[in-house]
Amino acid sequence: MFDIKDIYEAKSVKDAVSHLEAHPNAKIIAGGSDVLIKIREGKLAGCELVSIFKLDELRGVELTMQGDIKIKPLTSFSHITNDPVIKRYVGVLGEAVDQVGGPQIRNIGTIGGNICNGVTSADSASTLFAFDAEVEITGSEGTRLIPIKDFYKGPGQVDLKPAEILTAIYVRKASYEGYFGSYIKYSMRKAMDIATLGCSVNVKLTEDKKAFEDIRIAFGVAGPVPMRSPSAESAGRGKKINAELIESIGKAALEDVNPRTSWRASREFRLQLVEELTKRALKKSIELAGGAY
Amino acid sequence: MEKVLIRFTLNGKKVTSAIDPRWSLADLLRGGEHKHTGTKKSCEVGECGACTVIINDETYNSCIYLAIWADGKSIRTIEGLTGENGELSDIQQAFVDEGAIQCGFCTPGFIMSSLPILESGREYTRDEIRKLLSGNLCRCTGYKNIIDAVEKTMKARLEKKQQL
């Protein structure tokens, strides 16, 4: 039995919002693989919950008329990995979330919960950063759309005002079309572990596949929140691909990151991972895009 | 807290349960009127997989699944695998034969996690089996015998299917 003061099962997004307005201390529970554990640990003991788990309107992946990918927040990791739209257009996101926890966690864990927790290690977050994803937030006054980089306010803090709910994640057509990406999670175990560092890269090559038309590099656990590396990206953008360039992009990534020492790994080790994983993910992305280095 | 009524299918049978909304599904299965104590509770934070059950064809840790969410769902537990007179199913027998059981506490969870592999009708590599069982912990066997049991049952079922 969980130490819960009250739990309300929302009937719709609107119903959830109005219940949250009436109960300002209530916490939203989606799949529960973080919330229920915090309750068990005592951190959230005695809390009031609003469950949105049964809102099927918030489940699934769609390709919009404009060709954008709309990911609804309650879509589980395993459903994202197996979704035909994700597989076809942003396969790297499916591969990234296939590295979360274990099979049972990937069946219950939701992509919305993964980013609303605001943790830097979220396996979906760096790839969503790398694709300039936008998030749709719904409250009593309607919806607002913000870039994912503005959604993260600080460790464990996201831009959700009281009684607001994340209702969609968009990856725009212009952001994914022609791009090929790779995510590398470094962790001590292959399963049931949190990333020591995560690196998500995607590239668009020129027509002759000899140079980077565009390049995007994002990290998890390289700072208090997931982040992009503008220095590494500009070190590569528009340049001819060769081994030296890849080395210099790896080095340039070090200018933007600020990892910390934790019991999992030291700052120095994480810096080494930033450089090395950037190079490996870049090479993999180049190969996927049909280029060579 | 006031009890709520939920309806769900348990191992193929339609059932109704009055539950405390604070219960996990593991609480409901073990402690409710069903007394399905084959589902084990161990870490209770979704790390060890001992409480794994199948909900609508997918594996879940029942310790971190709220019982109220079970309303309308089809749930399978280890109790649903044995025959009418308690005969073991092929996968249970394979666990016995391969020495995949020592203390046995993790066994129901491992067997439930193996069902999507066995029922998919496709052949998985040992590495794929390892990945699909990576949400379950065993502190006795060292895993090799567990993977052997699942692989053996998978191959036997595929062979049987081909003969039909």
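Q: What makes Y143(B) partly exposed in this predicted model?
A: Y143(B) has 16 other C-beta atoms within 10 Å. A residue is buried at 20 or more and exposed at 12 or fewer. The count of 16 lies in between, so Y143(B) is called partly exposed.

Q: Where is Y143(B) found, and what is its phi?
A: Y143(B) sits in the loop between helix 4 and helix 5 of chain B. Its phi is near 75°, a positive value in a residue other than glycine.

Q: Why does M192(A) count as partly exposed?
A: M192(A) has 19 C-beta neighbours inside 10 Å. Buried needs 20 or more, and exposed needs 12 or fewer. With 19, M192(A) therefore counts as partly exposed.

Q: In which loop is M192(A) found, and what is its phi?
A: M192(A) belongs to the loop between strand 11 (180-186) and strand 12 (197-205) of chain A. Its phi is positive, about 50°, although M192(A) is not a glycine.

Q: How do you know that the span of helix 5 of chain B agrees with its number of residues?
A: Helix 5 of chain B has 20 residues (144-163), and at 1.5 Å a residue these should span 28 Å. The expected span is 1.5 Å times one less than the number of residues. The end C-alpha atoms are 29 Å apart, which agrees.

Q: Which residues of helix 5 of chain B are buried, and what puts them on the same side?
A: The buried residues are I146(B), A149(B), V150(B), T153(B) and M154(B). They cover an arc of only 125° around the axis, so they lie on the same side of helix 5 of chain B. In general, an α-helix has 3.6 residues a turn, so residues three or four places apart point the same way.

Q: What covers the buried residues of helix 5 of chain B, and which residues are exposed on the other side?
A: The cover includes helix 2 (90-97), helix 3 (107-119) and helix 4 (126-132) of chain B. On the other side of helix 5 of chain B, the exposed residues are K144(B), K155(B), E159(B), Q162(B) and Q163(B).

Q: How is chain B divided, and how many residues does each domain give to the contact?
A: The domain assignment gives domain 1 (4-80) and domain 2 (90-163) of chain B. Domain 1 of chain B gives 13 residues to the contact and domain 2 of chain B gives twelve. On the side of domain 1 of chain B that touches domain 2 of chain B, the largest share, three residues, comes from strand 3 (residues 52-55) of chain B.

Q: What contact is there between chain B and chain A?
A: In this contact, 25 residues of chain B meet 21 residues of chain A. Strand 4 (residues 58-61) of chain B provides the largest share of the chain B side, four residues. By class, the side of chain B that touches chain A has ten nonpolar, nine polar and six charged residues.

Q: How many residues make the contact between domain 2 of chain A and domain 3 of chain A, and which element gives the most to the domain 2 side?
A: The assignment for chain A gives domain 1 (4-51), domain 2 (56-174) and domain 3 (179-288). The contact takes 19 residues from domain 2 of chain A and 25 residues from domain 3 of chain A. Helix 8 of chain A gives the most to the side of domain 2 of chain A that touches domain 3 of chain A, with five residues.

Notes
Residues numbered from 1 in each chain as written. Chains lettered and ligands numbered in written order. Predicted model: local features only at pLDDT ≥ 70, side-chain atom pairs only at ≥ 80, totals over all residues. Helix = DSSP H or I, 4+ residues; strand = E, 2+ residues; numbered from the N terminus. Arc of directions from axis to C-beta. Contact = placed C-beta atoms within 7 Å. Nonpolar A, V, L, I, M, F, W, Y, C, P; charged D, E, K, R; others polar.
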